[in-house]
Amino acid sequence: VTAVERLVSRVLWWGGVASITLMLIGLAGYVVQVGIGGEGFDVPRGIEHREAGRPPNVFTSLPQVLDGLRRRPIDPLAVAAVGLLTLLATPVVAVVVAVPVFLAGGDRRYALIAALLAVALVGSLLIGGSG
Amino acid sequence: MGHVAFLVALLATSFAAGIVGAVLGLGGGILLVPLLTMVFGINLHYAMGASLVSVIATSSGAAATYLRSGLSNIRVGLFLAMATVTGAVIGAALSGIVPTRALELILGLALAYSVVVTLRQLKVELPETEPYDPIAMRFGLEGTYDDVRLGRDVKYRADRVKTGVAVMWGAGLLSGLLGIGSGAFKVLALDYVMRLPMKVSTATSNFMIGITASASAAVYFARGDIHPVIATPVALGVMLGATVGTVLMGRLRNTTVRALFVPVIFYLALSMIARGLGLVAS
């Protein structure tokens, strides 16, 4: 097992743990919120018609998520969304950290391949996150 | 259904899908999408978004373990991920435009095909000859792993890389289009086309699934198809189920137990195809 495999393995593991923790906290907060009579996701409407479930229930960009985090009381679904975004970013971070390790090991060809992949992934994440 | 009851039902269903997926060696995603749409009546796009998230979660956990054990080949994975990621972004963009019925039809066919591939996987053998594919030589698409069952190190090198890349692009396209991991198709490219050992194929496919799915998931997120109320319990349930399923797998040596699930999956596949063809109301 090489250095790059160890590092990528660690990133995937801890990224997964962090995102699951955030999702659990967010989900628990949401249960508490709807439990005390707060407004929740309109299940029958939202599950059938995508348009009915649009914001504030769905976060479609990072600014919206940040907005939900700034709200008081804090929007628990925004916390869950941060967990979801952390999960989405985990494989991307794993590819990004592989670049310098390949370079350090003298493998320029794979440093370039990882870099190309990283650009494609970060690009789709940035376009997705800001859209 | 009340809010909490809905969440509990989602968690339980996803947990079950995670177990069956792990036992069969399929991802949870391809089972989840039909279950979420047919049992819960969840909009297909939300179901696909939630499935993608669960796919990244299970892949991250599994890939972390496989990388540490040296079974995942990171070079092979990254090299081929260039093809899957390109396919995935195109597929994810297309899934916003392609009519729901067509998506259901494609999903049904992909599901039926995955079961066939899974059945084929039950007989596992090692490739015998050492291939000399020029691309594989140039990019070092080779490695060694310690086969516990055989009790020796096994050396391998990829063959027919060009065809492998093409199949991988298709696997990425399906992943983005349907919100699934498309592990069965990735394994097909690695094992059948490129003739890598089955264990290496499965482990490397797992590593690639997360990378591919995160590329499509970004597009789904931007479209608003990743709904936290649906995606969060689904991801948690599938992860838990996959963990339990993997432990079960170690004990279930008997392939007949796996075969029990196959008719269920065929039923799901046929139902999706029937919906796609408009034979039943969706």
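Tutor: Helices (H or I, at least four residues) and strands (E, at least two) are DSSP runs, numbered from the N terminus. This is a predicted model, where local features need pLDDT of at least 70, side-chain atom pairs count only at pLDDT 80 or more, and totals for chains, interfaces and linings use all residues. Residues are numbered from 1 along each chain as its sequence is written, chains are lettered from A and ligands numbered from 1 in the order in which they are written, and side-chain values use heavy atoms, with hydrogens and water left out.

Student: OK, at what angle do helix 2 and helix 3 of chain B pack?

Tutor: About 150 degrees, with the axes of helix 2 (residues 29-40) and helix 3 (residues 44-68) of chain B 9 Å apart. The two are therefore roughly antiparallel, a label for angles over 145 degrees.

Student: Which residues of helix 2 and helix 3 of chain B make the contact?

Tutor: With contact meaning heavy atoms within 4.5 Å, helix 2 of chain B brings residues including Leu32(B), Val33(B) and Leu36(B), and helix 3 of chain B brings, among them, Leu44(B), Met48(B) and Val55(B). By class, that contact has 8 nonpolar, 4 polar and no charged residues. Here Ala, Val, Leu, Ile, Met, Phe, Trp, Tyr, Cys and Pro count as nonpolar, Asp, Glu, Lys and Arg as charged, and the others, Gly among them, as polar.

Student: And what about helix 7 and helix 8 of chain B, at what angle do they cross?

Tutor: Roughly 170 degrees, with the axes of helix 7 (residues 161-178) and helix 8 (residues 183-193) of chain B coming within 8 Å. That contact divides into 9 nonpolar, 2 polar and 1 charged.

Student: Switching topic: how many salt bridges does the rule find between chain A and chain B?

Tutor: It finds 1 across the interface, taking a side-chain nitrogen of Lys or Arg within 4 Å of a carboxyl oxygen of Asp or Glu. Arg75(B) and Asp107(A) meet in a salt bridge at 2.7 Å, N to O. Also, 54 residues of chain A are in contact with 55 residues of chain B.

Technical notes: Axes fitted to C-alpha atoms, helices over the stretch in contact; angles between N-to-C directions. Parallel < 35°, antiparallel > 145°, perpendicular 65-115°, else oblique.
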